[in-house]
Amino acid sequence: MLRELMGGPLGFSELRARLPELSAKALSQRLTELRERGLLPVERRRGFPVRTSYTLTGRGRALRPLLIELYATGEALLATVPAPGGRPPVRSRGTEV
């Protein structure tokens, strides 16, 4: 979810569309947890229906380098996992192990 919000503010339905594996309840709980930790303020816009926008605080944006490193490490580790049937691992371009 933090990855999606690194690009800028998103509404609940936009986050649901980008994270289809999360139920609405799980997404709502995670947003609440991030807000309680000071990583995510909530902006409610007037109108009908009321729109809610989520964006990262400075503390949330400070996690960007860590997230980039975690994703790069994950890709490198996945590249070393043998494919089914004993074939050699498939390496993605630009990934060095």
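In which strand does Ser-53 lie? Ser-53 belongs to strand 3, which covers residues 51–54; helices here are DSSP runs of H or I with at least four residues, strands are runs of E with at least two, and both are numbered from the N terminus. The model is a predicted one, in which local features need pLDDT of at least 70 and side-chain atom pairs count only at pLDDT 80 or more, while totals for chains, interfaces and linings use all residues. Residues are numbered from 1 along each chain as its sequence is written, and side-chain values use heavy atoms, with hydrogens and water left out.

Ser-53 counts as buried because its relative accessibility is 8%, where buried means under 20% relative accessible area, exposed over 50% and partly exposed in between, with a 1.4 Å probe and protein chains only. Apart from neighbours within four places in sequence, Ser-53 is in contact, meaning heavy atoms within 4.5 Å, with Pro-9, Leu-10, Pro-41, Val-42, Glu-43 and Arg-45.

Strand 3 pairs antiparallel with strand 1 (residues 10–11) over two bridges, pairing being assigned if DSSP finds at least two bridges between two strands. Within this pairing, Leu-10 stands opposite Tyr-54. Strand 3 also runs antiparallel to strand 2 (residues 42–45), to which four bridges join it, and here Tyr-54 is the bridge partner of Val-42. Strands 2 and 3 form a hairpin with five residues between them, and Gly-47 in the turn has a positive phi of about 125°.

Turning to the helices, Glu-4 sits in helix 1, residues 2–5, and counts as buried because its relative accessibility is 8%. Beyond neighbours within four places in sequence, Glu-4 is in contact with Leu-10, Leu-15, Arg-18 and Leu-19. The side chain of Glu-4 also meets that of Arg-3 in a salt bridge at 2.7 Å, N to O, the term requiring a side-chain nitrogen of Lys or Arg within 4 Å of a carboxyl oxygen of Asp or Glu. A search of the whole structure finds one salt bridge. Arg-3, at 46% relative accessibility, counts as partly exposed.

Arg-16 is placed in helix 2, residues 12–18, and is partly exposed, with a relative accessible area of 29%. Leaving aside neighbours within four places in sequence, Arg-16 is in contact with Leu-22, Ser-23, Ala-24 and Leu-27, and its side chain reaches the backbone oxygen of Leu-22 at 2.3 Å. Arg-16 and Met-1 are 15 residues apart along the chain, and their C-alpha atoms are separated by 9.7 Å.

Notes:
Polar contact = N/O pair within 3.5 Å; in protein donor to acceptor, adjacent residues only side chain to side chain.
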